[in-house]
Structure formats: C-alpha cells, structure tokens
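I opened my notebook for a first walk through this chain. Come along and keep the view turning while you read.

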Amino acid sequence: LPILGPLGSTLSTRYGARPVVMAGGFLAGMGFLLGAFATRLSHLYLSVGLLAGLGWALVFTPSLGVVSRYFPTRRAMATGLAMAGASVVGLALGPLIPLLLDTYGWRGSLLLLAALSFNLMVAGALLRPLDVPNESPRPPPPRGQAGLCELLHHGPFLRYALAFVLVDAGYYVPHVHGPARAQEVGCDEHRAGLVMAVTAVADGIGRVVAGLLAARPTASLLRHLFAWSVLTGLALLLLPLGTTFGGLTALALAYGFCAGAIVPLQFTGVVEVVGAGRLLHAIGLMQMFESVGSLLGAPFAGWLRDLTGDFKVSFLAAGAFLLAGSLLILTLPSFFHTPRSDGSAIEGVPDPVSKGLELPSVPLSPSN
C-alpha cells in the first residue's frame, strides 16, 4: 500500500479525491471478494495482496489530503481525529478476526471484509468538492508529473522523508515483536494480548492529543513533531527494562501514546516543508519512501533477536533509529522559521485540492 502512494496523489490531483477514493473502495472490496474464491496461494497474493492493496492506496492518500485541505487552520487537530479511526478499527479487528475465522472460516471472513471495504465507496462519495471560481476543474497531467519531479529535487523534503524512513524502521518493531517480547518475560498469550491492546488504545489517544496540542500556537508544528519523536525513541530505549507484566504494560502505554502522537503530525508537517500547493504529491512520495523503513525495520529487529537471544538489542536499535530520524528534523529550515502553516488557504475560503486542483506555488528550491 505505501509504495503506491504517489499513484493515489497523482490521480487525485488529476480527477479529484471523490472518484479516486470511490474507485479505491471498489478495488479493495473486489480484492477481498475474489480472495474468498481463491484455490491457490498465488490467487491470494493477486487478490488480497495486489488488488486490495492498490485499493487502499487509492483511499488513504487522497482522503488524508482532503482532510488537511478542509481544515487549513486546524490541520493537525483534524488529521489527529481522522487518524485515530485507524487505531479504533485496529483494536476492534484484533479480537474480531479470530472470531470470524472460527465462525465462518477464512472464505466467509474475506467475504465479510469485502462487504466492509465496499462501504469505502459510500465514504468516498461523501467527500465534498469545494468550488473555486475561475479555475479549470482538470489541470493538465504534466503538472502532476512536474510536481513529483520537483519534490525529488527539493532538499528539505528529501531530508524530511529520510527522517521518517528512519522513524518507521523503529516505529513498527513493538507492534510486530511486542507479543513475543511479552512472552519472553513470562507473560502468557492472554497477557501479551493485553499489552498490545493497551498500546493500541494509547496510540489512538496520543493521535488526538497531539493534534489538539499542535493546534495551539505555543510552538511550531515541526517542534511538536521533533519532541514527540524524541519521546518515542526514548520510550523504545526503555522498553527492555520492562521485565514484568506490570512494568512492560506501563512502558507499552508510554510508547503507544508517544508513537500515536507522531502519526498526525508527520503528514501535517509536510505543509511546513513544501507548502500546501504540493501537499498531495508530498504525502504520496512520503508513503513510498517510508515503506522502505517499514519493510526493513521489523526483519532487522528479528535478526538481532536471533543473533543475541532476546529482544533487548532489537528495541535499543529501534529507539536509535527513531532518535536519528528526529535529529534530521532539526536540519529543516522551517524548524526555526515557521511559514504560514496553511500554505495559501485562508479560513473560510474554499480549497481547490479537494476538487482535484493544484494551487499555484512558488518553485521549490533544492538549495535550502
């Protein structure tokens, strides 16, 4: 899904968010539906893996971009509330999927997931285009391609993207290896599940709280993001100290809260780096770059566990990745000099990107 982020942003810029999200919901639903009739493992790779993954890529990037443009002066708060939904669903699906598998089998479970995914078409239809006078509803395709190429030569954006490659290399390690770590310190399967549930709840709360705090004008958004990234890295470094159920739960609670706070700020922070006119393209490229860290971090942590015999070094390395990524945020020009966070939008004035338009913007200089 993340590696196809640029596709979702380009199509949304060309055609608007509403049709792209609806098409993504249809593809996601068809992927699960076709997977229910699979007779070989390769069929599941093509249906659930490729087709449903493509659908989710077409849903996520345009939806996130539209939320950011609907609320130009409360972008962090709106994104935090929207991203909290992912934590709620993740927490709900954890116990629900095993129940569906026991009751309906894997084919019936995929059919039910297909029905849920088709509802994304309805959600996409509710994305209201905002009219902008004297603007063409469809900018020519080269502008979208030029926007992506321009970002690939923009120094601050590339440093920002690299920061989150490093952050994601450590971010998902507790989510993937957390249950095994809990069992390693003597927790049974039920208690290990409770540790992960606490992490998920704290993650959702952290997303909302970070959005609310970032909406206050006490500090720039990038400084909020830097602080939460450092706190998340420190929480990861402390996780090996949790050698009992209570201690591990308390540290997982701290980690989940701080890690959740990063999520809404990393996407709203893009505006501080490149401006609102390139928001959709920047989010799409960010997802593609981040997929590298997401895919490599957990296997690397597993390799360290096999090498050392436990997960202590794995969590220490994950924390080091997060701290290294947070240091890169310090190199951004807008960290010390904050531009207008809404780029070019003014409260009460409709924003064109939700209709698929791109705001005129000053060319991005790679020299910054």
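Below are my entries, one topic at a time.

**Entry 1: getting my bearings**

I reminded myself at the start that this is a predicted model. I looked up the secondary structure and found 13 helices and 0 strands in the chain. Reading from the N terminus on, I wrote the elements down as α-α-α-α-α-α-α-α-α-α-α-α-α. Next I checked burial: of the 368 residues in the chain, 48% are buried. I also looked at the contacts with a separation of 6 or more, and 84% of them come from residues 24 or more positions apart.

**Entry 2: aromatic pairs**

How many aromatic pairs are there? I got a count of 9. I picked out Phe 26 and Phe 118, a tilted pair with 6.3 Å centre to centre and 45° between the planes. Phe 26 belongs to helix α2 (residues 17-35) and Phe 118 to helix α4 (residues 75-125), so this pair ties together parts that are 92 residues apart in sequence. I then asked how open each ring residue is. Phe 26 has 40% relative accessibility and counts as partly exposed. Phe 118, at 26%, counts as partly exposed too.

I moved on to Phe 300 and Phe 321, which form an edge-to-face pair, 6.1 Å centre to centre and with 70° between the planes. Here Phe 300 sits in helix α11 (residues 279-308) and Phe 321 in helix α12 (residues 312-329), so the parts tied together are 21 residues apart in sequence. Phe 300 is partly exposed at 34% relative accessibility, and Phe 321 is partly exposed with a relative accessible area of 27%. I noted one more ring residue here: ring pairs link Phe 300, Trp 303 and Phe 321 into a cluster.

**Entry 3: helices α6 and α7**

I turned to helix α6 (residues 155-171) and helix α7 (residues 173-184), which pack at an angle of about 15° with their axes 6 Å apart. Angles under 35 degrees count as roughly parallel, and α6 and α7 therefore fall into that class. Which residues make the contact? From α6 I listed Ala 169, Gly 170 and Tyr 171, and from α7 Val 173, Pro 174 and His 175. Sorting the residues of this contact gave me 4 nonpolar, 2 polar and no charged.

I found Val 195 in helix α8 (residues 189-214). Is Val 195 buried or exposed? With a relative accessible area of 3%, Val 195 is buried, because the cut-off for that label is under 20%. Not counting residues up to four places away in sequence, Val 195 touches Phe 245, Leu 248, Thr 249 and Ala 252. I also checked the C-alpha atoms of Val 195 and Ala 250: they are separated by 8.9 Å, while the two residues are 55 residues apart along the chain. Phe 245 came up again when I looked at Arg 191, whose charged end sits over the ring of Phe 245, 4.8 Å from its centre.

**Entry 4: Thr 61**

My last stop was Thr 61, found in helix α3 (residues 41-70). Thr 61 is buried, with a relative accessible area of 0%. What is Thr 61 in contact with, leaving aside its neighbours within four places in sequence? I wrote down Gly 5, Ser 9, Leu 280, Ile 283, Gly 284 and Gln 287.

Notes: Residues numbered from 1 in each chain as written. Predicted model: local features only at pLDDT ≥ 70, side-chain atom pairs only at ≥ 80, totals over all residues. Heavy atoms only, no water. Phe/Tyr/Trp six-rings, centres within 6.5 Å; stacked < 30°, edge-to-face > 60°. Helix = DSSP H or I, 4+ residues; strand = E, 2+ residues; numbered from the N terminus. Buried < 20%, exposed > 50% of the residue type's maximum accessible area, 1.4 Å probe, protein only. Lys NZ or Arg CZ within 6 Å of the ring centre and 35° of its normal. Axes fitted to C-alpha atoms, helices over the stretch in contact; angles between N-to-C directions. Parallel < 35°, antiparallel > 145°, perpendicular 65-115°, else oblique. Contact = heavy atoms within 4.5 Å. Nonpolar A, V, L, I, M, F, W, Y, C, P; charged D, E, K, R; others polar.
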